[in-house]
Amino acid sequence: MDAATAIELPSAPPFPERGRVRLLINPAAVIVLCAIGLAVLGLIVLFSASVSLKADPYFYLVKQVFGVGAAAVLCLITSRVDLDFVRRSSRWIGIGALVLLALVLVPHLGVAAKGSRRWLGHGSVRFQVSEFAKLAMVFCLAHYLALNQTRIGDLKRGFLYPLGIIGAFVLLIAREPDLGTAALALSVGLVLVFLAGAKWRYILPTIALAVLVFAVVVVHMPNRLRRFTAFLDVQGNRQGGTYQLYQSEEAFAAGGLGGAGLGNGRQQINFLPEAHTDFIFAVMGEELGLGFTLGVVGVYALMFGAGLAHLKRAPNLFHFLLVAGCLALMCLQAIINLGVVTGVLPTKGMSLPFISAGLSNLLLMGILVGIILNTHRTWGKVAIAEGGRSMREVHS
């Protein structure tokens, strides 16, 4: 085929509904719809998982409905704020988060429960500081890495300084102690450093060192060590360190392919601890079956894929890293929870995003989705503005 023939090829027929199709398959819209679907599913399963835990069977359901509403409000507010204005305060946001993490460790200020000191507040009104500190860390890292993107290959400015930011958050969270959230924060931080362009020869030794430090910490914490060694033999320790995991596996086995039906689960009534929070996925497996639980995993995978597609539109490194951090906070937490509940990872208390009972994490998820909505609304404007500035610089 010669050039003349190629030029005469007909163009694609007009498609007047193109704008509507783009709206329906927009990655940000997909993420929002997935979040809404998971939150609604969480309300349904939570009622079944918590109905026998309080004298009032609607206690946790009402609390979660309030949390979903508050998360939706935070999502809408976050979707309208000026992220670049917030960026200018990222240093103070990071300092404020570190101060709050330190206050958690102060006796009579931080609220202790189940051997950990993770909350600030009084009575039933309290929040888990580490949940919001993770987002503050993402903001600080995204700002610093974008500010120093031309020096990201340097050991000091491109790796050690951002590693210091990550380490400040991780060490305070681990001190609570909350090793699971600390590991999540470290993972998200290293992902952002990698995406910014840091060299593998810096990242790999850091990961190896982190694993070594984690092992040493676990060895010197008898409770965590017993939990980890018990995990290696679930059946043999089912009356001790792996009781919760064993009951979770029993729930999945009882549910089979089709499930016992909503409200017909038995593990959460008499056997499975924390069925309404960390192990709510096991309740889902017993009542709704394997097919439904695989569908939930597919929804998280769809959110991740939509997030990757959305990242392609990022106009600059700061916005790219900020949204990548939000996506990592949602998806890595889901992976850890699903791994724990199914016995792939050692038992660690961590909420299933959008589904588990727990207001702090639910509010954080609302903010994360709000940031993604915000960038969907503003990225086109940012790209046009930066393109205009570039053209003016060329002409000047």
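Which element gives the largest share of the lining of the second largest pocket? It is α10, with 10 residues. This is a predicted model, in which local features need pLDDT of at least 70, side-chain atom pairs count only at pLDDT 80 or more, and totals for chains, interfaces and linings use all residues. Residues are numbered from 1 along each chain as its sequence is written, and side-chain values use heavy atoms, leaving out hydrogens and water.

**Terms for the pockets**
- A pocket is an open set of points on a 1 Å grid over the protein atoms alone, where a 1.4 Å probe fits, with protein on both sides within 12 Å along at least five of seven lines; lining residues have an atom within 4 Å of a point.
- Volume means the space filled by probe spheres set on the points, which are joined across faces, edges and corners.
- Helices (H or I, at least four residues) are DSSP runs, numbered from the N terminus.
- Nonpolar covers Ala, Val, Leu, Ile, Met, Phe, Trp, Tyr, Cys and Pro; charged covers Asp, Glu, Lys and Arg; the others, Gly among them, are polar.

**Largest pocket**
- Its volume is about 1500 Å³, and K114, W119, E274, T277 and D278 lie nearest its centre among 49 lining residues.
- The lining has 15 nonpolar, 21 polar and 13 charged residues.

**Second largest pocket**
- This pocket has a volume of about 1200 Å³, and of its 37 lining residues L179, A182, A183, A210 and F214 are the closest to its centre.
- Elements giving two or more residues to this lining include α8 (155–174) and α9 (179–196).
- By class, the lining has 28 nonpolar, 5 polar and 4 charged residues.
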